[in-house]
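Q: Please take a close look at helix packing here. Walk me through it in one connected account, and finish with the setting around it.

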There are 2 protein chains.
Amino acid sequence: MSTVNLSLQAMNALAKEILIAHNTNEVNAEQVASALTAAEADGQKGHGASRIPSYAAQAKSGKVNGHAAPNLTKVAAAALRVDARSGFAYPAINLAIEAVSELVSETGIAAVSIANSHHSGVAGHQVEPLAQKGLIGLSFANGPQGIAPWGGNKGLFGTNPIAFAAPRHKKKPLVVDMSMSKVARGKVNVAAQKGEPIPEGWAVDKDGNPTTDPQAALDGTMLPMGDAKGAQLVLMVEILAAALSGSQFGYEASSFFSGEGASPNVGQLIIAIDPGPFSRKTFAQRMEHLMRAILDQPGTRLPGVRRFDLRDAAAENGIDLPQELFNDLQSLRG
Amino acid sequence: MSTVNLSLQAMNALAKEILIAHNTNEVNAEQVASALTAAEADGQKGHGASRIPSYAAQAKSGKVNGHAAPNLTKVAAAALRVDARSGFAYPAINLAIEAVSELVSETGIAAVSIANSHHSGVAGHQVEPLAQKGLIGLSFANGPQGIAPWGGNKGLFGTNPIAFAAPRHKKKPLVVDMSMSKVARGKVNVAAQKGEPIPEGWAVDKDGNPTTDPQAALDGTMLPMGDAKGAQLVLMVEILAAALSGSQFGYEASSFFSGEGASPNVGQLIIAIDPGPFSRKTFAQRMEHLMRAILDQPGTRLPGVRRFDLRDAAAENGIDLPQELFNDLQSLRG
């Protein structure tokens with residue numbers, strides 16, 4: 001497959017230009033383009049440039065309000081609420097991160113729920129900025145249905161990522177970021193395109209039976225990581241992200257991909273913790289003990305490290321887009 | 001196997017009497033006995049009466065300080081710290097739950113870390129009382145080493161449970177409670193006693209190789225639920241429970257079972273969230289929509305329901321202890 005190499009600056013500018021040409025204001029286009037570029041740089045292609053065409057279609061149709069200004073409210077002493085107002089998630093998330101990281105310096109722990117939001121992209125990017133400021137971050141997001149409740153066969157929940165970041169002294173933070181599905185739905189798509197079977201345990205068909213047929217899997221539901229235990233975590237995330245913010249559940253939310261339908265209006269929750277007061281300032285030292293104990297064992301690595309390496313490489317060498325996607329993006333320019 | 005039936009009151013009194021006879025003061029003995037009885041009633045036998053002999057041995061030797069009074073400090077506007085002072089976990093947890101549920105009514109979210117603690121028993125019991133008060137609860141606990149970092153072969157982390165509870169309108173709360181190991185180590189013990197193989201995927205031997213030999217598994221480490229993804233959750237819990245509270249990591253902590261050695265001094269974290277301000281009071285209604293969407297599918301049930309049923313049955317019919325355990329307990333009475 002032939003590819004086109006772009007610098008990160010070029011990808012950012014291209015994404016921004018396309019969004020502005022599709023009913024999105026400059027402030028929002030800037031933030032969305034930055035988030036997609038950061039995802040692409042980290043090798044998270046499912047949240048990167050491949051999203052631009054569907055984002056543009058949704059902004060054009062008004063399914064996502066490209067002109068929405070997210071609205072921040074302090075609802076209790078350590079609690080914030082951002083209403084994304086059916087706009088893109090990233091401007092709401094940026095506002096939320098900024099506000100919660102200020103508030104937590106007074107309160108030790110603080111949380112911000114994000115209501116009426118959209119696809120929130122790389123979950124790790126919602127907590128890494130907190131860890132860069134010396135804070136622990138936790139985030140939870142729901143999405144359109146893809147996972148059934150355990151024992152059932154109809155998709156109710158999204159793949160509902162959890163992210164966690166912890167600061168390290170003079171080092172890049174530890175970042176954990178995972179969807180709650182066993183594998184990303186994208187992997188099933190790839191198998192379907194290639195006409196190859198998928199391993200048992202990834203997904204079930206529309207009747208809830210195990211399947212290795214990727215098309216039957218796409219018509220069915222994805223299985224959670226950790227099976228029955230993971231299914232409970234999926235439910236936990238759904239409640240923290242959607243019920244707490246007063247947003248739509250996975251089974252109520254429209255697709256993040258098509259330009260049709262109402263806004264998905266899903267939710268997110270970001271929690272920030274200042275380790276200083278809890279740990280009596282021992283946190284940084286203790287983290288290093290733990291990281292060393294892990295890395296002393298051959299064959300181990302710390303979560304998130306691979307993404308940082310890819311990010312460094314992308315800053316130097318740019319990113320490679322499939323020719324077909326690049327052509328699509330060219331045709332969408334203003 | 002013959003069993004002895006005891007009322008919950010009788011088990012509670014027996015546990016209390018044994019603890020008091022083993023260097024534990026009445027206030028602590030009362031709380032520990034209640035926690036063990038509640039575990040037994042919920043069918044969580046690994047955290048119930050079977051713990052009494054090892055708790056007594058640890059209190060007698062001073063490995064656990066049976067006379068410790070946990071100490072509560074407010075460390076920031078929404079942040080509390082309890083030092084369990086190398087005593088039993090339950091008095092510290094009870095103090096923590098009481099304090100955090102008061103504080104959160106002002107702050108929307110609040111957290112309490114518990115330092116220098118011990119075996120914290122049924123994780124769900126740390127969050128269920130919060131949900132009974134209309135709050136969302138999250139808890140994280142670490143324990144002595146049983147799980148290796150992903151790619152490694154030496155145990156660093158405990159089985160590190162996560163619990164979550166959410167309130168329901170005029171109904172028992174939703175309670176999620178799970179260890180991060182694929183199965184409890186106790187199941188491997190049972191297989192070893194019976195001389196039966198264990199399924200592949202539960203554990204690895206001391207060299208990190210897959211094994212179906214339960215003895216090799218006991219000499220090795222348990223595998224996390226969800227494999228590589230679960231391993232990251234194990235690490236997240238270790239940081240939230242131990243690094244944040246300034247407690248010992250799994251690889252530093254002594255056994256929860258033997259009377260020998262220093263105090264394990266592990267940690268816990270409990271987070272309380274008041275859903276009212278975040279959700280603009282829509283939470284209860286939205287929870288019911290979600291619960292109904294799950295239960296509308298045949299074959300599903302809500303997490304925690306089985307335990308409530310067992311609890312009701314135990315209140316009525318008491319609990320059954322193995323004759324051998326009952327004899328042991330009789331011999332430990334004061």
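A: Axes are lines fitted to C-alpha atoms, for helices over the stretch in contact, and angles run from 0 to 180 degrees between N-to-C directions. Helices are DSSP runs (H or I, at least four residues; strands are E, at least two), numbered from the N terminus. This is a predicted model: local features need pLDDT of at least 70, side-chain atom pairs count only at pLDDT 80 or more, and totals for chains, interfaces and linings use all residues. Residues are numbered from 1 along each chain as its sequence is written, chains are lettered from A and ligands numbered from 1 in the order written, and side-chain values use heavy atoms, without hydrogens and water.

Start with chain B. Helix 1 (residues 8-20) of chain B packs on helix 2 (residues 26-41) of chain B at about 140 degrees, with axes 8 Å apart. Helix 1 of chain B is therefore oblique to helix 2 of chain B (under 35 degrees is roughly parallel, over 145 roughly antiparallel, 65 to 115 roughly perpendicular, the rest oblique). Their crossing is right-handed (the near helix is turned clockwise from the far one by less than a right angle; anticlockwise is left-handed). The contact (heavy atoms within 4.5 Å) draws on helix 1 residues including B:Leu8, B:Met11, B:Ala15 and B:Leu19. Helix 2 of chain B supplies, among others, B:Ala29, B:Val32, B:Ala33 and B:Leu36. By class, this contact has ten nonpolar, three polar and four charged residues (Ala, Val, Leu, Ile, Met, Phe, Trp, Tyr, Cys and Pro are nonpolar; Asp, Glu, Lys and Arg charged; the others, Gly among them, polar).

Now chain A. Helix 1 (residues 8-20) of chain A meets helix 2 (residues 26-41) of chain A at about 140 degrees, axes 8 Å apart. That makes the two oblique. The crossing is right-handed. Among the contact residues are A:Asn12, A:Lys16 and A:Ile20 of helix 1 and A:Glu26, A:Glu30, A:Ser34, A:Thr37 and A:Glu40 of helix 2. The class count is ten nonpolar, three polar and four charged.

Helix 1 of chain A also packs on helix 3 (residues 52-61) of chain A, at about 25 degrees and with axes 9 Å apart. This pair is therefore roughly parallel. Its crossing is right-handed. A:Met11, A:Ala15, A:Ile18 and A:Leu19 of helix 1 contact A:Ile52, A:Tyr55 and A:Ala56 of helix 3. Seven nonpolar residues make up this contact, with no polar and no charged ones.

Next, the setting. Chain A is split into domain 1 (1-61 + 304-334), domain 2 (71-174 + 228-303) and domain 3 (182-223), with bounds from an automatic or database domain assignment. The C-alpha centres of domains 1 and 3 of chain A lie 27 Å apart.
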